Amino acid sequence: MTQVQPLRIEEDILKIAELRSKDEHTSKTAAIKQFLYSGAEEYLLKLCSQGRISMGKASEILHKSIYDLQESAKRKGIEVGITTKQYYEGKKFADELE
Amino acid sequence: MYNLLFDSDALIKISKIDFLDIIADKFSIVITEEVYQETVTEGKKGLYLDADKIENLVQDGKIKIIKKGYYEKSKKPKQIFGIGEISVFQSHKRNIIIVTDDLKFTSYLRKEKISSLSSAHLIYILAKNRELGKEKAYDFLEKLRPYIRNDLYNSVKMDIGE
């Protein structure tokens with residue numbers, strides 16, 4: 001579902017959007033949306049990294065597959081997944097398995 | 001043979017590092033219908049080869065799918081998760097080990113006193129049990145490196161041993 005959201009955007013940012021729209025043969029609106037989406041994705045990946053949201057939920061919000069999200073995290077250099085502390089907790093359990 | 005119940009994130013990673021066939025030989029793998037949807041159906045839309053690998057293992061009977069009817073009425077997690085993670089939580093039973101790499105999901109499982117493993121643990125276990133040579137274990141860990149935290153990579157490497 002989409003909603004109309006009035007937004008004041010600085011002229012310099014609009015110029016960057018215009019540049020992108022020319023480079024990528026798309027509309028200025030599409031370029032602004034891509035900037036917004038990219039920022040949202042990075043923010044959600046940082047929340048994943050902090051353990052505030054799961055990868056599954058983030059992929060649903062972004063309408064992106066988990067494959068794509070893993071690759072985005074890798075590309076952006078955002079470390080996600082269990083911490084060393086959790087690894088050692090799991091290792092105790094792993095050592096108990098025969 | 002232990003039953004491993006994978007979430008999508010861990011299943012995809014294990015497949016990406018070419019470790020899934022080995023895991024399917026050593027363990028019994030189960031996934032939920034939602035995890036199948038996220039890893040195979042969605043993956044095929046994005047033309048990811050790992051989606052085909054997972055699908056082939058399902059067709060060969062090496063990955064079994066738990067039908068939704070068995071768990072859809074079970075207790076749901078009290079925190080917000082994706083549909084795949086919710087289905088994993090709902091279908092968990094005492095004789096099944098959840099495999100997830102997700103920080104939030106792992107923390108929640110601990111809170112609920114449910115033990116879980118991650119993809120890194122599976123490399124460690126097979127190396128420890130000498131079912132995987134150290135060189136091979138390092139290879140898999142190296143492939144996994146871009147998808148895990150750097151300090152975790154160092155810890156697992158140390159645990160595999162020189």
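**Figure 1. Helix α4(A) crosses helix α1(B) in this predicted model.** The axes of α4(A) and α1(B) come within 10 Å. They cross at roughly 70°. An angle of 65 to 115 degrees counts as roughly perpendicular, and α4(A) and α1(B) are therefore roughly perpendicular to each other. From α4(A), the contact takes A:Ile66, A:Tyr67 and A:Gln70. From α1(B), it takes B:Ser8, B:Asp9 and B:Ile12. By class, the contact of α4(A) with α1(B) has 3 nonpolar, 2 polar and 1 charged residues.

**Figure 2. Chain A touches chain B.** The contact takes 28 residues from chain A and 39 residues from chain B. On the side of chain A that touches chain B, three helices each supply at least two residues: α3 (55–62), α4 (66–76) and α5 (84–96). The largest share of that side comes from α5(A), with 8 residues. Sorted by class, the side of chain A that touches chain B has 9 nonpolar, 11 polar and 8 charged residues.

**Figure 3. B:Tyr147 sits in a loop and touches residues of chains A and B.** The loop lies between α8 (134–144) and α9 (150–160) of chain B. Is B:Tyr147 buried or exposed? B:Tyr147 has 23 C-beta neighbours inside 10 Å, so it counts as buried. The cut-off for a buried residue is 20 or more. Leaving out residues up to four places away in sequence, B:Tyr147 touches A:Gln70, A:Lys74 and A:Gly81 from chain A, and B:Lys13 from chain B. A:Gln70 also takes part in the contact of α4(A) with α1(B). B:Tyr147 and B:Ile23 are 124 residues apart in sequence. In space, B:Tyr147 and B:Ile23 are 18 Å apart, C-alpha to C-alpha.

**Figure 4. Helices α8(B) and α9(B) run in roughly antiparallel directions.** Their axes come within 10 Å and cross at roughly 175°. Angles over 145 degrees count as roughly antiparallel, and that makes α8(B) roughly antiparallel to α9(B). From α8(B), B:Lys134, B:Ala137, B:Tyr138 and B:Leu141 join the contact. From α9(B), B:Tyr153, B:Val156, B:Lys157 and B:Ile160 meet them. The residues of the contact of α8(B) with α9(B) divide into 6 nonpolar, no polar and 2 charged.

**Figure 5. Helix α8(B) has a buried face.** B:Ala137, B:Phe140, B:Leu141 and B:Leu144 are buried in α8(B). Seen down the axis of α8(B), these residues fall within an arc of 100°, so they line one face of the helix. B:Glu135 and B:Glu142 are exposed on the other side of α8(B). What covers the buried residues of α8(B)? The cover includes α1, α7 (119–128) and α9 of chain B.

**Figure 6. Helix α4(B) also has a buried face.** This helix spans residues 49–59 of chain B. B:Asp50, B:Ala51, B:Lys53, B:Ile54 and B:Leu57 are buried. Down the axis of α4(B), the buried residues fall within an arc of 160°, so they line one face of the helix. The face turned away from the buried side carries the exposed residues B:Leu49 and B:Gln59. Among the elements that cover the buried residues of α4(B) are α1, α2, α3 (33–45) and β3 (63–66) of chain B. B:Gly61 follows α4(B) and has a positive phi, near 80°.

**Figure 7. Two domains of chain B meet.** Domain 1 covers 3–117, and domain 2 covers 119–162. Taken over C-alpha atoms, the centres of domain 1 and domain 2 of chain B are 21 Å apart. The contact takes 10 residues from domain 1 and 9 residues from domain 2. On the domain 1 side, α1 (8–16) and α2 (20–26) of chain B each supply at least two residues. The largest share of the domain 1 side, 3 residues, comes from α1(B). By class, the domain 1 side has 7 nonpolar, no polar and 3 charged residues.

**Figure 8. A:His25 and B:Arg130 each have a positive phi.** Most residues other than glycine have a negative phi. A:His25 is not a glycine, yet its phi is about 50°. A:His25 lies in the loop between α1 (11–23) and α2 (28–49) of chain A. With 7 C-beta neighbours inside 10 Å, A:His25 counts as exposed. B:Arg130 is not a glycine either, and its phi is about 60°. The loop between α7 and α8 of chain B holds B:Arg130. B:Arg130 has 8 C-beta neighbours inside 10 Å, so it counts as exposed.

Note on methods. Residues numbered from 1 in each chain as written. Chains lettered and ligands numbered in written order. Predicted model: local features only at pLDDT ≥ 70, side-chain atom pairs only at ≥ 80, totals over all residues. Domains from an automatic or database assignment. Contact = placed C-beta atoms within 7 Å. Helix = DSSP H or I, 4+ residues; strand = E, 2+ residues; numbered from the N terminus. Nonpolar A, V, L, I, M, F, W, Y, C, P; charged D, E, K, R; others polar. Buried ≥ 20, exposed ≤ 12 C-beta atoms within 10 Å, placed from the backbone. Arc of directions from axis to C-beta. Axes fitted to C-alpha atoms, helices over the stretch in contact; angles between N-to-C directions. Parallel < 35°, antiparallel > 145°, perpendicular 65-115°, else oblique.
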